[in-house]
Amino acid sequence: MFKRMISSTTLLLFALVSCVLLTQQPANAGKIKLNYANFPPAPTFPCVQMERWKVEVEKRTDGQVQINTFPGGTLLGAKGMMDGVIAGQSDIGNICMAYQPGRFIVTNATSLPIGIADAKQGSLALLKLYEKYKPAAFKDVVVLTMFTNAPGNVMSKVPVRTLADIRGMDLRASGGAAQILKAWGANPVGMPMPATVEALQKGTVKGIFSSLEVMKDFKFAENCKYVTMTETVIYPFAVVMNKAKFNSLPPDVQKVMMDLKEEQAMWTGKYMDEQIQKSIAWSKEANNVEFISLPAAEKEKWVGKLDFITENWIKKANTKGLPAEQIISDIKTFAK
Ligand code: 3IO
């Protein structure tokens, strides 16, 4: 009798627990989980925009989708990002196109010295360029957004005030920015941004050529006490998704992502431009960094050294059958 009572209580408990589990299950079982890989550390702008995108997608899909983010190259690194996403090692990934200049010829034209003023202009121009030309380089992925950093400046351990000062200097840069350093007589050393931290500490490079938010986000201001305001050249980025994975998503989820594409580009451009101002203030106040603006006559010499870069790109792109002049004029128009 007593034994029977226990077993019926146990049975009842089992039934209750199963009920709870069963009613909870559908919500979790239907949940779509996506991995999003990024190469630089969490506090940097490509990862800040990733977290913003994650929050927006999760909110706009009413929790139907869960995005798991992997900053700091923990899932895929800078150079393996594009192929990693194509192969499905991550569902989503953020690529810096400058790390593979030959692969992204059309979109890397945004990193020619053609006067893009800030990250908002750059991001919009890049995305519009992509939408117009739909370059074959992206045929195996779905582009979720694109954005750029702000124009680059020289951050260095010793002051750079003239072209003579920069001659032969080992400075880190990739892609279009490397060509520009070369034109100024510097010695560009190519490596992805995250590798720069150690290279600066070890002295392998004497400085870097990129957007100024890195002074704060990577603490480069502790090593580089001088900034020369060259204000030229952006790096283009793309957030890409595995095509089969995207195609497997419900249409309403796909729509949420596509509706976010341009908004995310603008959000990131604005965030980057604001972060630059904060970084400049912090570099001056907390790290005593000297900001050098080139006198007009000197600046003219620097700018004059760059004309041939765009001309050369046009010649090369024409031989590949690309409408090179049109691409350049489109970027300038889109950047307005
Ligand atoms: C960049 C890349 C990763 C994190 C922060 C960043 N700020 C500017 C860039 C672009 C760049 O200079 C590079 O080489 O990736």
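A cavity is here a set of grid points, taken over the protein atoms alone, where a 1.4 Å probe fits but cannot get out. In this predicted model, the largest cavity is the space that the ligand takes up. Two elements, helix 2 (45–60) and helix 8 (213–217), each give two or more residues to the shell around the ligand.

The ligand is surrounded by 17 residues, and the closest of these are Y99, R172, S210, E213 and Y235. On its own the ligand has 340 Å² of accessible area, of which the protein covers 100%.

In composition, the shell around the ligand divides into 11 nonpolar, 4 polar and 2 charged residues. With regard to the domains, residues of the shell come both from domain 1 (28–149 + 234–274) and from domain 2 (152–233 + 287–307), and the ligand therefore lies between the two domains.

Note on methods: Residues numbered from 1 in each chain as written. Predicted model: local features only at pLDDT ≥ 70, side-chain atom pairs only at ≥ 80, totals over all residues. Heavy atoms only, no water. Near = heavy atom within 4 Å. Areas by Shrake-Rupley, 256 points an atom, 1.4 Å probe, with all protein chains shown as cover. 1 Å grid on protein atoms, 1.4 Å probe; cavity = no way out; pocket = protein on both sides within 12 Å on 5 of 7 lines; lining within 4 Å. Sits in = over half its atoms within 2 Å of the grid points. Helix = DSSP H or I, 4+ residues; strand = E, 2+ residues; numbered from the N terminus. Nonpolar A, V, L, I, M, F, W, Y, C, P; charged D, E, K, R; others polar. Domains from an automatic or database assignment.
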